[in-house]
Amino acid sequence: MLVVTGASGQLGRLVIASLLDSVPAGEIVAAVRDPAKVQDLAARGVQVRQADYDRPDTLAAAFAGADKVLLVSSNAVGQRVPQHRAVIDAAKAAGARLIAYTSLLHADTSPLPLAAEHKETEALLHASGVPFVLLRNGWYTENYLGAVEPALQHGALLGGAGTGRIASAARADYAAAAAAVLAARDDQAGKVYELAGDDAYTLAELAAEIARQSGRSLAYRDLPRHEYKAVLLQIGLPEGLAELVSGSDAGAAQGGLFDDGRQLSKLIGRPTTPLAASVATALE
Ligand SMILES: NC(=O)c1ccc[n+]([C@@H]2O[C@H](COP(=O)([O-])OP(=O)(O)OC[C@H]3O[C@@H](n4cnc5c(N)ncnc54)[C@H](OP(=O)(O)O)[C@@H]3O)[C@@H](O)[C@H]2O)c1
């Protein structure tokens, strides 16, 4: 039995879709906070079970009979350590023989503020005694795609990543990797995958690619961290999110989102989705 948490989310859904290529639906559990969101998966024969990270009582039943559990990190930044602890405890109590965790690229040394909760979760996994594998995911290319239209409207892509190179990949690439690790017949325990795109770019190069494909003029404007945060607040982002986005760019400026090990494409057996393809999708 392969259990995927966060299966109603964007990554979780893609993991389940990828698993369905090689695993019978009845051996897959979509563990979700709200089962109503994944009725389509139930219709395909996937077992849907309620699993709320904030309600440990739901987790015991959700993980019953679990061989392997994919813990998709929660999106509740700031509350993730107790949430992830509850999942790890429940997986252990259920006798799972492997936990796979979606961490952050180079979580142990990353300058990104987001790394702290991932590092703490990795420490919890070490302490749990349950065999585990780390899927240290780099940036999703999709993180930038929402900015394409507004940037084109204003003729400027704003950011704070300087000349930091970003080896992003599509969510679907990371999902395929998670599915490959979950479905693998060989022992994945103890492995640490640093997952990133095959190619890296600066935000200036991202702007140039958007300009090239759209035929419109677009320049990248790099801002100091506090100025970028002020712009994000001005356009309506809440304080916490503005801090997170500007802090992530500051981390990227220090190389925190770069990796050239190509472990992701090796794991999925194909090249990662090129930036140009993701930009083309955003411009459709
Ligand atoms: N590498 C990157 O660039 C990047 C970017 C963004 C996020 N992330 C991380 O990767 C994770 C997956 O990404 P994503 O794009 O799939 O995010 P997403 O679409 O926001 O999905 C997050 C999932 O977490 C679930 N969740 C939140 N709180 C929960 C709770 N208390 N109990 C159970 N489930 C809960 C959500 O359930 P509901 O459907 O019920 O809300 C949803 O299924 C994120 O959660 C975040 O930790 C990484």
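This is a predicted model: local features need pLDDT of at least 70, side-chain atom pairs count only at pLDDT 80 or more; totals for chains, interfaces and linings use all residues.
**Stop 1: the ligand**

Now look at ligand oxygen atoms. Start with Ser73: a backbone N or O atom of this residue lies 2.6 Å from an oxygen atom of the ligand. Next, pick Lys37. A polar side-chain atom of Lys37 is 2.9 Å from a ligand oxygen atom. Then pick Arg80, where a polar side-chain atom sits 3.0 Å from an oxygen atom of the ligand.

**Stop 2: H4 and H5**

Keep Arg80 selected and extend to helix H4, residues 80-93. How do the two axes cross? The crossing of H4 and H5 is right-handed.

Show side chains at the contact. From H4, display Arg80, Val81, His84, Arg85, Ile88 and Lys92. From H5, display Glu117, His118, Glu120, Thr121, Leu124, Leu125 and Ser128. Colour the contact of H4 with H5 by class: four residues are nonpolar, four polar and five charged.

**Stop 3: H9 and H13**

Move on to helix H9, residues 203-214, and helix H13, residues 275-283. Their axes are 10 Å apart, at an angle of about 55 degrees. H9 and H13 are therefore oblique to each other. Their crossing is right-handed.

Which residues meet here? H9 brings Leu206, Glu209, Ile210, Gln213 and Ser214. H13 brings Leu275, Ala276, Val279, Ala280 and Leu283. By class, the contact of H9 with H13 has seven nonpolar, two polar and one charged residues.

**Stop 4: H10 and H11**

Finish with helix H10, residues 225-234, and helix H11, residues 239-253. They pack at an angle of about 145 degrees, with axes 9 Å apart. The crossing of H10 and H11 is right-handed.

On H10, select Arg225, Tyr228, Lys229, Leu232 and Leu233. On H11, select Glu239, Ala242, Glu243, Val245, Ser246, Gly247, Asp249 and Ala250. Six residues in the contact of H10 with H11 are nonpolar, two are polar and five are charged.

Terms used:
Residues are numbered from 1 along each chain as its sequence is written. Side-chain values use heavy atoms; hydrogens and water are left out. Axes are lines fitted to C-alpha atoms, for helices over the stretch in contact, and angles run from 0 to 180 degrees between N-to-C directions. Helices (H or I, at least four residues) and strands (E, at least two) are DSSP runs, numbered from the N terminus. Angles under 35 degrees count as roughly parallel, over 145 as roughly antiparallel, 65 to 115 as roughly perpendicular and the rest as oblique. A crossing is left-handed if the near helix is turned anticlockwise from the far one by less than a right angle, and right-handed if clockwise. Contact means heavy atoms within 4.5 Å. Ala, Val, Leu, Ile, Met, Phe, Trp, Tyr, Cys and Pro count as nonpolar, Asp, Glu, Lys and Arg as charged, and the others, Gly among them, as polar. A polar contact is a pair of N or O atoms within 3.5 Å; within protein, one must be able to donate a hydrogen and the other to accept it, and residues adjacent in sequence count only if both atoms are side-chain atoms.
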